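Work through the following exercises with the sequence and the model side by side. Each task is followed by a solution that goes step by step.

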Amino acid sequence: MTATVLNAVSLKPYNTFGFDVQAAHLIKAHSERDVLFARDFAQKHSKPLLLLGGGSNVVFTQDFDGVVLLIEMRGKSMRLLDEKTAALTCQAGENWHDFVRWSLEQGTQGLENLSLIPGTAGAAPVQNIGAYGTDIHDWLHELKAIDLSTGQTLTLTKAECEFAYRDSVFKRTAPQRYVITELVFYLNTQASCDLNLSYGGVLNALQAKGIDKPATPMDVSDVICELRSEKLPDPIVLGNAGSFFKNPVVTSEKAQQLNEQFDGLVAYPQLDGCVKLAAGWLIEYAGFKGHVFGGVGVHDKQALVLVNHGGGTGKELLELAQCIQSKILELFGVELEIEPRVY
Ligand code: FAD
Ligand code: NAP
């Protein structure tokens with residue numbers, strides 16, 4: 001059956017900020033065939049294509065005179081490679097968090113720190129999602145994608161995805177070129193359990209619950225879900241896209257200079273000698289926490305999260321973001337880079 005083309009569609013239900021812009025066309029892809037149909041449709045009408053999963057990492061600032069392709073392919077499976085490793089395969093339209101929980105229910109370990117990140121599995125490699133010391137590239141083996149420039153399906157190795165901190169080939173060098181359709185993870189089986197509890201809050205939360213070692217991957221997922229629910233606004237209640245800026249990475253000299261100048265600066269040395277600064281701390285220090293700007297604002301519990309209080313627009317949000325960026329540059333001499341994709 002041919003996919004349906006919807007016309008003049010509001011994207012409000014399709015982005016977690018809840019910004020009300022309109023797309024000229026929207027097509028839901030349940031298969032690779034639907035993706036190719038959308039590609040042909042866009043080419044025939046000389047319109048751009050915009051890939052969309054759960055809309056939890058996009059900022060819509062204007063109407064889109066093109067074809068939004070909503071990725072909805074479903075399915076997942078598991079096979080044992082040997083007694084220590086299992087290969088888990090996931091279609092792009094699966095809900096990421098549901099897939100993480102399912103992976104844990106199958107008795108595998110690896111994805112637990114990435115629990116409760118909103119959105120689809122297919123979008124997860126785009127910014128190499130990460131939380132609590134784990135990035136998706138730590139466990140991804142390879143992925144399948146359709147190259148929209150040729151219509152061919154390819155398998156991309158991890159190296160070909162060019163993963164970096166909240167970045168990849170899909171975000172940086174070739175945005176909107178590849179439709180990611182399937183992910184393959186190589187995960188530990190429980191027997192070789194190797195939990196990453198490097199972020200202090202996770203270990204403390206496990207201990208506070210009376211779960212001393214050995215905690216299970218499911219225990220870690222549970223406490224991370226609790227930590228995140230306490231701190232982060234639920235997009236259903238308050239529109240947001242998670243962290244709005246990447247944590248800036250500076251030279252050790254710059255970090256030392258800031259440390260002498262600003263009491264309590266939150267900074268983490270990196271393996272390459274550079275230092276990662278907590279952008280949320282910089283924004284809070286600059287006095288923006290809880291700041292309201294028209295219909296948008298800065299979250300009152302986590303200054304790194306910008307929110308839509310209702311009725312706000314993407315343009316307003318970008319104005320606020322630029323105001324924050326200028327202040328942080330002026331105060332600390334540090335540039336903040338916006339994390340979500342702006343359209
Ligand atoms: P979308 O917003 O729909 O799309 C994001 C980008 O990917 C767009 O450029 C889109 O064109 C592209 N894209 C979507 N699907 C595909 C596909 N199949 N193939 C190719 N390109 C595609 N992120 C983190 O890294 N760590 C976190 O801890 C985290 N926490 C969050 C908490 C909250 C409350 C929220 C709202 C967001 C958070 N995020 C976090 C950001 C976001 O959830 C992730 O980036 C997520 O992977 C986006 O998935 P999505 O399906 O919503 O992508
Ligand atoms: P947090 O624990 O208050 O820490 C603040 C920042 O310091 C984090 O962004 C984190 O950087 C860094 N950090 C903390 N402990 C660290 C350690 N032991 N080693 C290195 N860096 C450390 O952060 P939070 O807001 O509650 O978020 C918890 C985790 O979820 C973080 O990893 C965060 O990235 C992730 N998260 C991401 C988004 C998003 O949209 N991207 C949204 C919500 C939460 P990193 O960000 O580099 O990890």
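**Exercise 1.** How do the residues of the shell around ligand 2 divide into nonpolar, polar and charged?

*Solution.* Keep in mind from the start that this is a predicted model. Sorting the shell around ligand 2 by residue type gives six nonpolar, six polar and five charged residues. The shell holds 17 residues, and those that come nearest to the ligand are Tyr199, Lys231, Lys276, Gln302 and Glu339.

The next step is to look for polar atoms facing the oxygen atoms of ligand 2. In Tyr199, a side-chain N or O atom is 2.6 Å from an oxygen atom of the ligand, while for Lys231 the distance from a polar side-chain atom to a ligand oxygen is 2.8 Å. Asn247 also places a polar side-chain atom 2.9 Å from an oxygen atom of ligand 2. On its own, ligand 2 has 800 Å² of accessible area, of which the protein covers 79%. Strand E9 (130-131), helix H4 (217-231) and strand E14 (239-243) are the elements that give two or more residues to this shell.

**Exercise 2.** Which residues are closest to ligand 1, and how many surround it?

*Solution.* Ligand 1 is surrounded by 34 residues, with Leu51, Gly53, Ser56, Arg228 and Tyr343 as the closest. By type, the shell around ligand 1 contains 18 nonpolar, 13 polar and three charged residues.

Turning to individual contacts, a polar side-chain atom of Ser56 is found 2.6 Å from an oxygen atom of ligand 1, and Tyr343 likewise brings a polar side-chain atom to 2.6 Å from an oxygen atom of this ligand. For Thr120, the distance between a polar side-chain atom and an oxygen atom of ligand 1 is 2.7 Å. Taken alone, ligand 1 exposes 980 Å², and the protein buries 95% of that area. The elements giving two or more residues to the shell of ligand 1 are strand E3 (49-52), E9, strand E13 (178-189) and E14.

**Exercise 3.** What is the order of the strands in the open sheet of four strands, and which strands stand at the edges?

*Solution.* Reading across the open sheet gives the order E14-E20-E19-E18, with antiparallel pairing. E14 and strand E18 (292-293) stand at the edges with a single partner strand each, so each of them has one side without a neighbour in the sheet.

Now examine one pair within this sheet. E14 and strand E20 (residues 305-308) are joined in the antiparallel sense by three bridges, and Gly239 has Asn308 of E20 as its bridge partner.

**Exercise 4.** Where do the leucines of strand E3 point, and which strand runs parallel to E3?

*Solution.* In E3, Leu49 and Leu51 point one way, whereas Leu50 and Leu52 point the other way, and all of these leucines are buried. Strand E5 (residues 64-71) runs parallel to E3 and is joined to it by four bridges. Within this pairing, Leu51 stands opposite Leu69 of E5.

Strand E6 (residues 76-80) and strand E7 (residues 85-91) pair in the antiparallel sense over five bridges, and the hairpin joining E6 to E7 passes through four residues. Here the bridge partner of Lys76 is Cys90 in E7.

**Exercise 5.** Why does Cys274 count as partly exposed?

*Solution.* The relative accessibility of Cys274 is 23%, so this residue counts as partly exposed. Cys225, in contrast, counts as buried because its relative accessibility is 15%. The structure as a whole holds zero disulfides.

Note on methods
Residues are numbered from 1 along each chain as its sequence is written. Chains are lettered from A and ligands numbered from 1 in the order in which they are written. This is a predicted model: local features need pLDDT of at least 70, side-chain atom pairs count only at pLDDT 80 or more; totals for chains, interfaces and linings use all residues. Side-chain values use heavy atoms; hydrogens and water are left out. A disulfide is a pair of cysteine sulfur atoms within 2.5 Å. Buried means under 20% relative accessible area, exposed over 50%, partly exposed in between (1.4 Å probe, protein chains only). A residue is near a molecule or strand if one of its heavy atoms lies within 4 Å of it. A polar contact is a pair of N or O atoms within 3.5 Å; within protein, one must be able to donate a hydrogen and the other to accept it, and residues adjacent in sequence count only if both atoms are side-chain atoms. Accessible areas come from the Shrake-Rupley method with a 1.4 Å probe; for residues, only the protein chains shown count as cover. Ala, Val, Leu, Ile, Met, Phe, Trp, Tyr, Cys and Pro count as nonpolar, Asp, Glu, Lys and Arg as charged, and the others, Gly among them, as polar. Two strands pair if DSSP finds at least two bridges between them.
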